[in-house]
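Please read them alongside the sequence and the coordinates.

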Amino acid sequence: MALLDKLREFIFIHCIKTGGTWLTYSLGGSIYHSQHSPASIVKALMIETNKEAYWNKYYKFSIVRDPYQVMISLYYYLKSHPNHSSYYLVKDEVDFSAFIERYQTQAHRIVEATGYYFYDTQWSKLSENNQLLVNQVFHFEKMGEVKQML
């Protein structure tokens, strides 16, 4: 998901399971792109829709989280959302270790089924050609810094 705020002149690139949904609603602004797409795709869409000036001028940021914590969060999220297309990874009362095994062996299916890039590293979501596309990366554990900055 990408949030575009023209008043405060920022673009927020949302990595999954990093508190981004909460942050998006608490900051306001308008959702520019509803998928959890990499920054490179958001940038390309902005160029394609004649919003390149926003991309070039606005402050861009994201939030990252410890990968293990991301997986724990994803596990409990899926367990509580039986209608989610990736629920099959946690059905049948599967424990966390079994979930990780299923996840590793079926990561490509997640992308095909949902369009989400669950298996990408957070770095790959925020970079292109090994260059960071955002101005700043915050840590999930220091979420308060984001609101203070904006």
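1. Setting aside neighbours within four places in sequence, Leu126 is in contact (heavy atoms within 4.5 Å) with Ile13, Cys15, Ala39, Ser62, Val64, Gln131, Leu132, Leu133, Val134 and Val137.

2. Basis of the notes. This is a predicted model, in which local features need pLDDT of at least 70 and side-chain atom pairs count only at pLDDT 80 or more, while totals for chains, interfaces and linings use all residues. Residues are numbered from 1 along each chain as its sequence is written, and side-chain values use heavy atoms, with hydrogens and water left out.

3. The core. The largest nonpolar core has 14 residues, and Ile11, Ile13, Val42, Met46, Trp55 and Leu126 touch the most other members. Such a core is a set of buried Ala, Val, Leu, Ile, Met, Phe, Trp, Tyr and Cys residues joined through side-chain atoms within 4.5 Å. Buried means under 20% relative accessible area, exposed over 50%, and partly exposed in between (1.4 Å probe, protein chains only). Two or more residues each come from strand E1 (2-5), strand E2 (10-13) and helix H2 (39-48); H2 gives the most, with 3 residues. Helices (H or I, at least four residues) and strands (E, at least two) are DSSP runs numbered from the N terminus.

4. Helix H2. Which residues of H2 are buried? They are Ala39, Ser40, Val42 and Met46. These four lie on the same side of H2, because they cover an arc of only 160 degrees around the axis, taken from the directions from the helix axis to the C-beta atoms. After H2 comes Asn50, with a positive phi near 60 degrees.

5. The sheet. Five strands form an open sheet in the order E3-E1-E2-E4-E7, with mixed pairing; two strands pair if DSSP finds at least two bridges between them. Strand E3 (30-33) and E7 are the edge strands, each pairing on one side only. Neighbouring strands are turned by 30 degrees against each other on average, direction ignored.

6. Helices over the sheet. Helix H1 (residues 20-27) lies across E1, E2, E3 and E4 and runs at about 155 degrees to E2. H2 lies across E1, E2 and E3, at about 95 degrees to E3. Axes are lines fitted to C-alpha atoms, for helices over the stretch in contact, and angles run from 0 to 180 degrees between N-to-C directions.

7. Strand E4. This strand is largely enclosed by the rest of the structure, because 5 of its 6 residues are buried. E4 runs parallel to E2, with 4 bridges joining them, and Phe10 has Tyr59 of E4 as its bridge partner. E4 also runs parallel to strand E7 (residues 136-139), again with 4 bridges. Opposite Ser62 stands Val137 of E7, and opposite Val64 stands His139 of E7.

8. Lys60. Beyond neighbours within four places in sequence, Lys60 is in contact with Ile11, Trp55, Leu133, Val134, Asn135 and Gln136. Lys60 and Leu133 are 73 residues apart along the chain, with their C-alpha atoms separated by 7.8 Å. A polar atom of the Lys60 side chain lies 3.0 Å from the backbone oxygen of Tyr58.

Methods:
A polar contact is a pair of N or O atoms within 3.5 Å; within protein, one must be able to donate a hydrogen and the other to accept it, and residues adjacent in sequence count only if both atoms are side-chain atoms.
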